[in-house]
Amino acid sequence: MKRALNISLIFILIAGFAFAGSKTKIIKPKNYNKKVTVIISGKRRAYYEISQNNYSIVQVRGPGKLKILTRAVLKEDQSKVNYKLIYKLNGLDEKIAEFKNVKKSGKSEFKHSSYGYPGIRKDIELNLERGENNIQLRVINSGLKVVTRIMFEPGKVAKENWIAMSPASPNEVVELVTKEDISFYYRFSKEEPLKIEIIGPTELRILTRFENNYRMKGRINYRIQVAGDNNVINTFLLSSKRSVVTYYKDNPELLPGKAREIYIKVDEGFHTFLVYPLDEDKETVLGKILFPEKDITNKTPVSVLDNY
């Protein structure tokens, strides 16, 4: 009986470790050059060659930890190499990761040996905030190939009750219906951005939906920029498909996209934010503004609470 109990406990522990490991997701970047297979101690792993000319793009919803595993591709006559990667998180300033004297890996090889020899793995780790995040990544070494494997471990999100608020700008109200429930969004554009006035410290949660017509197919990419106190805070590259459960109450000609979330941290004091789309070929986007219910007493004027 004791032996059976021990076996059961071992099985539970193994299952627990397997479940914990399953939280990590493999993210496939966009705009990569080619997919290659790296064999590490007999196990095959997919890597993606990133470009020197164009950014590879990674889109992931936080919070969590993003790990960018990189390997230089060495030639037979190279004993070691140096390489640099340039990356941007949510459109902010470019950062450089530099790796020097990288040797060939003794435990890995490419499936097709003609491709070259994988270098020792070098990693970049990023802590991602809640909401949609985009990371742009490229090589800045002339003539050197670099491949990457991107892993994301989601973090826990604290439960929060959110209160909707109206923008300080007179944006058009749009009614959307989801499973018979009506929600109120505000239509905004580059010429008529969402203007938000709020007192911090607190946090803003902004849901955005791209406006689709019936001629648009597949996934739509769009960019949202947030400026605060006359400075650009973030640029978000978002991607959306047509929603299958939400529709316009009064406009059957348009189809709303699935909601995408962005978050803005608000420092102490009174602040003004402007939210607007960047793409010239996309006219309008729908937005809904929320902030934590716990901050209702002293973080925003009653006049801007959403009365719809």
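## Briefing on loops, cis peptide bonds and a pocket

Glu180 belongs to the loop that runs between β12 and β13 (181–188), and in this predicted model its phi is near 75°, a positive value in a residue other than glycine. With a relative accessibility of 76%, above the 50% cut-off, Glu180 counts as exposed.

**Positive phi at Asn230**

- Asn230, which is not a glycine either, has a positive phi near 70°, and this residue sits in the loop between β15 (220–228) and β16 (231–240).
- The relative accessible area of Asn230 is 82%, and because exposed means over 50%, Asn230 is classed as exposed.

**The buried loop residue Ser169**

- Ser169 is located in the loop between β11 (162–165) and β12 (172–178), and it counts as buried because its relative accessibility of 15% falls under the 20% limit.
- Once neighbours within four places in sequence are left aside, the residues in contact with Ser169 are Pro193, Leu194 and Lys195.
- A polar atom of the Ser169 side chain lies 3.3 Å from the backbone oxygen of Pro193, and a polar atom of that side chain also lies 3.0 Å from the backbone nitrogen of Lys195.

**Cis peptide bonds**

- Gly62 and Pro63 are joined by a cis peptide bond with omega of about 10°, and Pro63 lies within strand β4 (residues 56–74).
- A cis peptide bond also joins Gly200 to Pro201, with omega of about 10°, and Pro201 is part of strand β14 (residues 194–213).

**The largest pocket**

- The largest pocket has a computed volume of about 310 Å³, and of the 16 residues that line it, those closest to its centre are Asn90, Glu129, Asn234, Phe236 and Tyr263.
- Three strands, β9 (122–139), β16 and β19 (260–277), each supply at least two residues of the lining of the largest pocket, and β9 gives the most, with six residues.
- Sorted by class, the lining of the largest pocket consists of seven nonpolar, four polar and five charged residues.

Note on methods: Residues are numbered from 1 along each chain as its sequence is written. This is a predicted model: local features need pLDDT of at least 70, side-chain atom pairs count only at pLDDT 80 or more; totals for chains, interfaces and linings use all residues. Side-chain values use heavy atoms; hydrogens and water are left out. Helices (H or I, at least four residues) and strands (E, at least two) are DSSP runs, numbered from the N terminus. Buried means under 20% relative accessible area, exposed over 50%, partly exposed in between (1.4 Å probe, protein chains only). A polar contact is a pair of N or O atoms within 3.5 Å; within protein, one must be able to donate a hydrogen and the other to accept it, and residues adjacent in sequence count only if both atoms are side-chain atoms. Contact means heavy atoms within 4.5 Å. On a 1 Å grid over the protein atoms alone, a cavity is a set of points where a 1.4 Å probe fits but cannot get out, and a pocket is an open set with protein on both sides within 12 Å along at least five of seven lines; lining residues have an atom within 4 Å of a point. Grid points are joined across faces, edges and corners, and a volume is the space filled by probe spheres set on the points. Ala, Val, Leu, Ile, Met, Phe, Trp, Tyr, Cys and Pro count as nonpolar, Asp, Glu, Lys and Arg as charged, and the others, Gly among them, as polar.
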